[in-house]
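I opened my notebook to walk through this model from the whole chain down to single residues. Come along and keep the 3D view open beside you.

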There are 2 protein chains.
Amino acid sequence: MALMDRQITLAARPEGLPKESDFRLVESPIPEPGGGQFLVRTLYLSVDPYMRGRISDAPSYAEPVKLGEVMLGGAVGEVVKSNHPQFAPGEIVEGMFGWQEYALSDGKGVRKVDPKLAPVSTALYVLGMPGMTAYFGLLEIGKPQPGETVVVSGAAGAVGSLVGQIAKLKGCRVVGIAGSDQKIQHVVEELGFDGGINYKPPAQFHEKLREACPNGIDVYFDNVGGSVTDAVIGLINTRARLVICGQVSQYNLKRLERGPRWLWQLIIKQARAEGFLVYQFADRYEEGHRPMAQWLKEGKLKYRETILAGVENAPRAFIGMLQGENVGKMLVKVADL
Amino acid sequence: MALMDRQITLAARPEGLPKESDFRLVESPIPEPGGGQFLVRTLYLSVDPYMRGRISDAPSYAEPVKLGEVMLGGAVGEVVKSNHPQFAPGEIVEGMFGWQEYALSDGKGVRKVDPKLAPVSTALYVLGMPGMTAYFGLLEIGKPQPGETVVVSGAAGAVGSLVGQIAKLKGCRVVGIAGSDQKIQHVVEELGFDGGINYKPPAQFHEKLREACPNGIDVYFDNVGGSVTDAVIGLINTRARLVICGQVSQYNLKRLERGPRWLWQLIIKQARAEGFLVYQFADRYEEGHRPMAQWLKEGKLKYRETILAGVENAPRAFIGMLQGENVGKMLVKVADL
């Protein structure tokens, strides 16, 4: 066991797209767990779009990370020392342990992970926050019905690729939108989406989307926002449901973007746009884990991970994810099990 | 009884704000009812914001009025001749009779009006389409809870002035937005809203709205759209409901307006924007008429009408309503009962 804990702290509030220099690698002694605490050795770190909002000081749903603080984030790790009656050394756990090699925890918000069920990294993906985001966002807010057309933006990303597959399992016609031909090939050929459209170049995007959705759009699961979403809204059907999960096209803008006003479209289509945070379903995660684990086991849910190694690469992984460099889930592997 | 029926037809598709020359007054012989038909003598015509969309050939939820056709619209009238077993001369009826002094009907979509319950003009307002719009839009889509802050735009208009009063009856704090000090005075002093803000001049509007809503905004009932709605969205609370009923600021634009993108705000507030057309509640109108009639009888629901006389003035009434000249419901009185 190493003697020092390597951590990534927030060094500056990013303007626009974060830079590696907005973060700092620091070392500090590995802490000892106090009464009721346990020490976790990090195995995988997650980098996710929501983190962009949490390092900005614009008003949001939660306090931002302070300058000099360890960067927040979900991680999966192994309990290595424990003074907590419910967590024993050797157990695998998932929680908000932050971007660091070792973390202390009092067990609040920590979930045990069964390493026999699936690779432990899935606790950060299919069986973790992005998986629950896809599951509850699509099914509870989108309420897709068999035969309906579901469109998902950011289709090759962590959440989008699950949304499309769950919609297929529910009998829908699924069209994915992504930013490269390679990503489109992935969602159509590997994940089984019915169609996929590269939103670049923008000039042809609207027409291609119309051709890919001959029956209009009943459910839109939005990870991206901006002009991609504008095009979708022009094609929605009566009583369409727009599930607003993310707006990654907007997170790094230095000033608020303007776009066409379309609320009148919600009126004439009697349609609904609803934003959500996965935490609103926190008391129902078990209900979501069960079918997702079952589909994983049966091979009905495919997933890809893009993995960088070493805690020092967490900023690079995060910045790459914001630029859409990953297919599937972007993770940082910190240590071997 | 006159020998000729005076009608208003659509003469041209308006560009921007309609002009009186987009309509034409024509005369034709009063028709005779055929088998299963009856003849209605119009008493009051309604002019409503939705009609702007129905004379445009942009795609919408229904076919537009054709050039040369009698302008569509709700009206209340008296049955004067009948070959229909369920409608007898002397009965008062409400239906889509159009802008004309006499109309034939086969009874489809026609509702009998009890003139003892309230003045017959209320069949076009509190106990008609605008009343049902306010009632079901606010209660079924907005779902206001006692103590919540409800903001309504177009507050002195037909729908807005009812929405605010219903919200007060449900125990909410109500703030109205309108375009003149006289309208604000009306909704606060006569209708009992807790607050009111003139959105002109725009420079001070945002700050005044914030002051008028110290606990944020839980329900927004939108009749107007545009920059008024932008300001509201900056102040919504967690789990806010935005009821999108009308966008009158946008209806006469010659090109689509652009505005700040705010879908990210729906995410961080876990909020919902939902558009509706009153017709989706058509099978529940009875359920809405009962409490509205009761509140009227008890004096708990106040209403104002702005009435022009003569079918020839329907275009002027319509254009004035689109420009916000009316307080309460804009009507055209065509004949005495």
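Before anything else I settled what an element name stands for: helices (H or I, at least four residues) and strands (E, at least two) are DSSP runs, numbered from the N terminus. With that in hand I looked up A:P201, which lies in the loop between β10 and α5 (202-212) of chain A. I also noted that this is a predicted model.

Most residues other than glycine have a negative phi, and most peptide bonds are trans. The peptide bond from A:K200 to A:P201 is cis, with omega near -5 degrees. I then turned to chain B, where a cis peptide bond links B:K200 and B:P201, with omega about -5 degrees. B:P201 sits in the loop between β10 and α5 (202-212) of chain B.

A:R239 is a residue other than glycine, yet its phi is positive, near 65 degrees. This residue belongs to strand β12 (residues 236-244) of chain A.

**Entry: domains of chain A**

Next I asked how chain A is divided. I found domain 1 (4-121 + 304-333) and domain 2 (129-279). Their centres, taken over C-alpha atoms, are 29 Å apart. Domain 1 of chain A and domain 2 of chain A each bring 14 residues to their contact. On the domain 1 side I read five nonpolar, five polar and four charged residues.

**Entry: two helices**

I went on to helix α2 (residues 129-142) and helix α8 (residues 285-297) of chain A, whose axes come within 10 Å and cross at roughly 95 degrees. An angle of 65 to 115 degrees counts as roughly perpendicular, so α2(A) and α8(A) are roughly perpendicular to each other. At their contact, A:G131, A:M132, A:Y135 and A:F136 in α2(A) meet A:Y285, A:G288 and A:M292 in α8(A). I sorted these contact residues into five nonpolar, two polar and no charged.

**Entry: how the chains are related**

I superposed chain A on chain B: a rotation of 180 degrees with 0.0 Å of shift along its axis does it, at an RMSD of 0.0 Å. That is the relation of a two-fold axis. The same surface serves both copies, as 97% of the contact residues of chain A recur in chain B.

**Entry: where the chains touch**

How many residues of chain A are in contact with chain B? I found 29 residues of chain A against 28 residues of chain B. On the chain A side, α6 (226-233), β13 (258-260), α7 (263-268) and β14 (272-275) each supply at least two residues. The most come from α7(A), with five residues. By class, this side of chain A has 13 nonpolar, 10 polar and six charged residues.

Strands meet here too. β13(A) and β13(B) run antiparallel, joined by three bridges, and A:R258 stands opposite B:P260. β14(A) and β14(B) also pair in the antiparallel sense over three bridges, with A:R272 opposite B:E274.

**Entry: the shared sheet**

12 strands form an open sheet with mixed pairing, in the order β10(A)-β9(A)-β8(A)-β11(A)-β12(A)-β14(A)-β14(B)-β12(B)-β11(B)-β8(B)-β9(B)-β10(B). β10(A) and β10(B) stand at the edges with a single partner strand each, so one side of each is left without a neighbour in the sheet. Neighbouring strands are turned by 15 degrees against each other on average, direction ignored.

Definitions and conventions:
Residues are numbered from 1 along each chain as its sequence is written. Chains are lettered from A and ligands numbered from 1 in the order in which they are written. This is a predicted model: local features need pLDDT of at least 70, side-chain atom pairs count only at pLDDT 80 or more; totals for chains, interfaces and linings use all residues. Domain bounds come from an automatic or database domain assignment. Two residues are in contact if their C-beta atoms, placed from the backbone, lie within 7 Å. Ala, Val, Leu, Ile, Met, Phe, Trp, Tyr, Cys and Pro count as nonpolar, Asp, Glu, Lys and Arg as charged, and the others, Gly among them, as polar. Copies are superposed by least squares on the C-alpha atoms of residues with pLDDT of at least 70 in both. Two strands pair if DSSP finds at least two bridges between them. Axes are lines fitted to C-alpha atoms, for helices over the stretch in contact, and angles run from 0 to 180 degrees between N-to-C directions. Angles under 35 degrees count as roughly parallel, over 145 as roughly antiparallel, 65 to 115 as roughly perpendicular and the rest as oblique.
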